[in-house]
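Here is a short briefing to read alongside your viewer. It starts with strand pairing and then moves on to the sheet, the chain contact and a few local details.

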Amino acid sequence: MIVVMKQDASPQQIEAVVKRIEELGYKIHLSRGEARTIVGIIGADDYLLSRDTFEVMDGVEKTVRVMQPFKVASRDFAQEDTVIQVNGVSIGGEQLVVMAGPCSVESRAQILETAHAVKEAGAHILRGGAFKPRTSPYSFQGLGEEGLRYLAEAREETGLPIITEVMSPDDVALIGEYTDIFQVGARNMQNYSLLKALGKQEKPVFLKRGLSGTIQELLMSAEYVLSQGNMQVMVCERGIRTFEPATRNTFDINAIPLLQELSHLPVIADPAHGTGKWSLVGPVAKAAVAAGADGLMIEVHPDPAKAWSDGAQSLTIDRFTRLMDELRTIAQAVGRTL
Amino acid sequence: MSKRLSDCRVTVVGLGLMGASLCMDLIQGGLCREVRGVARRAETALRAFFTHAVDQATTDLHTGVAGADIVVLATPVRTIVDLLDQVGPLLWPGTLVMDMGSTKTDICAAMERLPKGIQPVGGHPMAGKEQAGFAAAEPNLYRDATWILSPLERTSPEAVALAQELVEALGARPVFLEPQRHDRLVASISHLPFLLASGLIHAVDRLGEEDSLVWELAAGGFRDTSRVAASDTRMFLDILMTNRSAVLDQLDSFCGQLDELRRLLADGDEAALAAKLAHSRTLRANWRK
């Protein structure tokens, strides 16, 4: 909470406010606003303070509750946008970044074929899941380390950096031997021990918004990673649960510009999970770029009908190639390059 | 992507004589983008704020250093070591961290432990007054002073250049020294004199217990040789405890000199004593040039 003093508040009145804040056990922050002094109240539970405590004091114009519990993620902390470098790819800069690939790594052939195809179409980073968080324990759980090896081989052949999901703090070391970027899935957005473990290492972290996660919860999760010392964090809007059953999730286009306003972290859009239907991926991808996203994550599969997971939302290679062309036009219209 | 001082937000932690004087120079010279001060007590924060010694003042370390490009630690030496252990996770990579502590070995060792990406440059401005605290602070304290800089091997050249830019902008003269060499030299010309002054006062006091007139007769000579004993005790205690081994070496060396003078006096060896005294007179005269 901050206390805004009146324009003609005297030093004694300001001192009295400071004294009261200290008596209540908080620390203070003094700054100058538009011709008036602002006294910030600092403490973990400052939301417990009653505004009346200060508004009755002489010289106080008003109090304002500051609703941003995240610090390092916020724009107050870093003046410039974060740009993350991964093997020559810059994420968060003027160039849009497209991460493409299958939902799961199913076989060596599948991932190599897809990798070459998406590279050809202009993608910058290869995605592929080796450890899959399936809703059902009877569904394909991923190839594990074997999948990671195939991803690494695809990187060797194409030069594309790889991003893959990590589900548990115990897997961070193993996956870290292969991946360039750690992906935290929506269901793990509030897995705090995983986030802390990722914060302690140095590779970039890609954080997906939870199924019913709020923007603030997403940024607080980012804060977990950032506050451990790993500043290479990007956030991803991938659709949220709403009452609408027609689509798998509702892609929250609001999140794109709102996250850009609140935070300096790169903002990526995932229109595949966001819609659940391949025919909607294109239009929503374009909307995200127009809304200011720094990049996209798109699922691509050589034969979606035969995919072992999320086939319905995957694009064929042809459709992806065509979408990339269309995206270039949109990017240009909003001053980005692709 | 090198930063210039004028683009930087500077946070000074510790608003005593050294920290507050630095803030005043930065503000009055318009040398940087913003000056934030962190004080232990709200009272100091208020005074610094009301007198416009800083743009913002706070009693919370985290709030103070958030978003800073340069952080200067201006507290007593052992507090600096504690702060270095706390401040790491609060800083953005690329932040320049400097200090103004009077000993460097312990501080530079703590700086090694800062997270990767943070740029540490140890420092020691050879300036000051016996008076301590915010009330003693004044602008231009560092003009024409020597400012020792001890960058670490891990420090980037850009960070070193920025530290040098800051020192020179204050009118001080940067001198680069390794921590151990610095500590040995200051043990000799600063820490030893402090102990000697303290010892002298105790000796005079001893006599004073028998004959109190000694204090009335004490004049210029006593004043000059006892002056530094008026320095802040807490600050010097930190110095002595963190530079113990170098100070003990210099103290032993001094005792050796004293023993020699005593021997010559006890033996009545006037010729040798005269020579020794004339030599020290010459050495001092040469220094004063």
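Two strands are said to pair if DSSP finds at least two bridges between them. With that in mind, take a look at Val3(A), whose bridge partner in E4(A) is Thr63(A). This is a predicted model, so please read everything below as computed from its coordinates.

**The sheet shared by both chains**

- Strand E1 (residues 2-5) of chain A pairs with E4(A) in the antiparallel sense, over four bridges.
- In which order do the strands of the open sheet run? Its 12 strands follow the order E4(A)-E1(A)-E3(A)-E2(A)-E3(B)-E2(B)-E1(B)-E4(B)-E5(B)-E6(B)-E7(B)-E8(B), with mixed pairing.
- The edges are strand E4 (60-64) of chain A and strand E8 (173-176) of chain B, each of which pairs on one side only.
- On average, neighbouring strands of this sheet are turned by 20 degrees against each other, with direction ignored.

**Chain B as a whole**

- Chain B contains 12 helices and eight strands.
- Of the 289 residues in chain B, 42% are buried.
- Among the contacts in chain B with a separation of 6 or more, 72% are between residues 24 or more positions apart.

- E1(B), which spans residues 9-13, pairs with E2(B) in the parallel sense over five bridges. Within this pair, Thr11(B) has Arg36(B) as its bridge partner, and Val13(B) stands opposite Val38(B).
- From E1(B) the chain passes through helix H1 (residues 17-28) of chain B to reach E2(B), in a right-handed β-α-β crossover.
- E1(B) also pairs with strand E4 (residues 70-73) of chain B, in the parallel sense and over four bridges. Here Val10(B) stands opposite Ile70(B).
- Is E1(B) mostly covered or mostly open? It is mostly covered, with five of its five residues buried.
- Which residues of E1(B) point which way? Arg9(B), Thr11(B) and Val13(B) point one way, Val10(B) and Val12(B) point the other way, and all are buried.
- A right-handed β-α-β unit is made by E2(B), helix H2 (residues 42-50) of chain B and E3(B).

**Where the chains meet**

- Two bridges join strand E2 (residues 27-32) of chain A to E3(B), and these strands run antiparallel. His29(A) stands opposite Thr58(B) in E3(B).
- How many residues does each chain bring to the contact? Chain B brings 17 residues and chain A brings 18 residues.
- On the side of chain B that touches chain A, H2 and E3 of chain B are the elements that give two or more residues.
- H2(B) gives the most to that side of chain B, with five residues.
- By type, the residues on the side of chain B that touches chain A are 11 nonpolar, five polar and one charged.

**A one-sided helix in chain A**

- Helix H8 (residues 255-262) of chain A has Ala255(A), Ile256(A) and Leu259(A) as its buried residues.
- Why do these residues lie on the same side of H8(A)? They do so because they cover an arc of only 100 degrees around the axis.
- The buried residues of H8(A) pack against helix H7 (215-227), strand E12 (233-237), strand E13 (267-269) and helix H10 (278-291) of chain A.

**Two asparagines with positive phi**

- Most residues other than glycine have a negative phi.
- Asn87(A) has a positive phi, near 45 degrees, and lies in the loop between strand E5 (84-86) and strand E6 (89-91) of chain A. Asn87(A) is partly exposed, because it has 13 other C-beta atoms within 10 Å.
- Asn140(B) has a positive phi of about 65 degrees. Its place is in the loop between strand E6 (119-125) and strand E7 (146-151) of chain B.
- Asn140(B) has 15 C-beta neighbours inside 10 Å, so it counts as partly exposed.

Terms used: Residues numbered from 1 in each chain as written. Chains lettered and ligands numbered in written order. Predicted model: local features only at pLDDT ≥ 70, side-chain atom pairs only at ≥ 80, totals over all residues. Buried ≥ 20, exposed ≤ 12 C-beta atoms within 10 Å, placed from the backbone. Contact = placed C-beta atoms within 7 Å. Right-handed = clockwise from strand over helix to strand, strands pointing away. Axes fitted to C-alpha atoms, helices over the stretch in contact; angles between N-to-C directions. Nonpolar A, V, L, I, M, F, W, Y, C, P; charged D, E, K, R; others polar. Arc of directions from axis to C-beta.
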